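Try each one before reading its solution.

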Amino acid sequence: MTREAILGKWRAAEVGALVAAVALEALHEVVSARDADARSAVWSLGVILFRLTSGKAPFQASSLGELIQGIMHGPIPSLRDAMPSVPYGLEHVVARCLDRDRNNRCDVIELARLLAPYAGPVATPSLERTPAG
């Protein structure tokens, strides 16, 4: 393999990692990192839950610019459109995580409670240890 081919693969991997990182970033973090707070983590968890459940990223694009535009202005994807067998309640939880208005997102403790019915009995002891659990 030539040096150019190796560098090309490395650059492609670097760009792919950047696109993956931006896909996890909350809307306001894409615009300004100083606006990030705990609700930004809830957005990222929503992206992860969407991908784990459906096998697809909630926001897809062929370039970084398109991805940012999709996150900022595109429709919020429906988890049930991507995976029709998903329970309505879980779709609602993921939709709340991906709400563009961070004031409408749940906090991490509420998120744990909302996800508990889908986690099974193993999660119950952890949930009982949360504040006001």
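**Exercise 1.** In which helix is arginine 80 found? Then work out its surroundings.

*Solution.* Start with the ground rules: this is a predicted model, where local features need pLDDT of at least 70, side-chain atom pairs count only at pLDDT 80 or more, and totals for chains, interfaces and linings use all residues. Residues are numbered from 1 along each chain as its sequence is written, and side-chain values use heavy atoms, leaving out hydrogens and water.

Step 1: arginine 80 sits in helix H5, residues 79-82 (helices are DSSP runs of H or I, at least four residues, numbered from the N terminus).

Step 2: list its contacts (heavy atoms within 4.5 Å). Leaving aside residues up to four places away in sequence, arginine 80 touches Ser85, Val86, Pro87, Tyr88 and Glu91.

Step 3: Arginine 80 is buried (under 20% relative accessible area, 1.4 Å probe, protein chains only). It has no salt bridge, as the nearest side chain of opposite charge, glutamate 91, is 4.2 Å away; a salt bridge needs a side-chain nitrogen of Lys or Arg within 4 Å of a carboxyl oxygen of Asp or Glu.

**Exercise 2.** Which residues have the most contacts inside the largest nonpolar core?

*Solution.* Step 1: such a core joins buried Ala, Val, Leu, Ile, Met, Phe, Trp, Tyr and Cys residues through side-chain atoms within 4.5 Å. The largest has 13 residues, and Trp43, Phe50, Leu79, Val94 and Leu98 have the most contacts inside it.

Step 1: its largest share, 4 residues, comes from H3.

**Exercise 3.** Where in the chain is confidence lowest?

*Solution.* Look at helix H1 (residues 3-24), with a mean pLDDT of 48 (the predictor's confidence in each residue, from 0 to 100).

Terms used: Helix = DSSP H or I, 4+ residues; strand = E, 2+ residues; numbered from the N terminus. Buried < 20%, exposed > 50% of the residue type's maximum accessible area, 1.4 Å probe, protein only. Lys, Arg positive; Asp, Glu negative; His and termini not counted.
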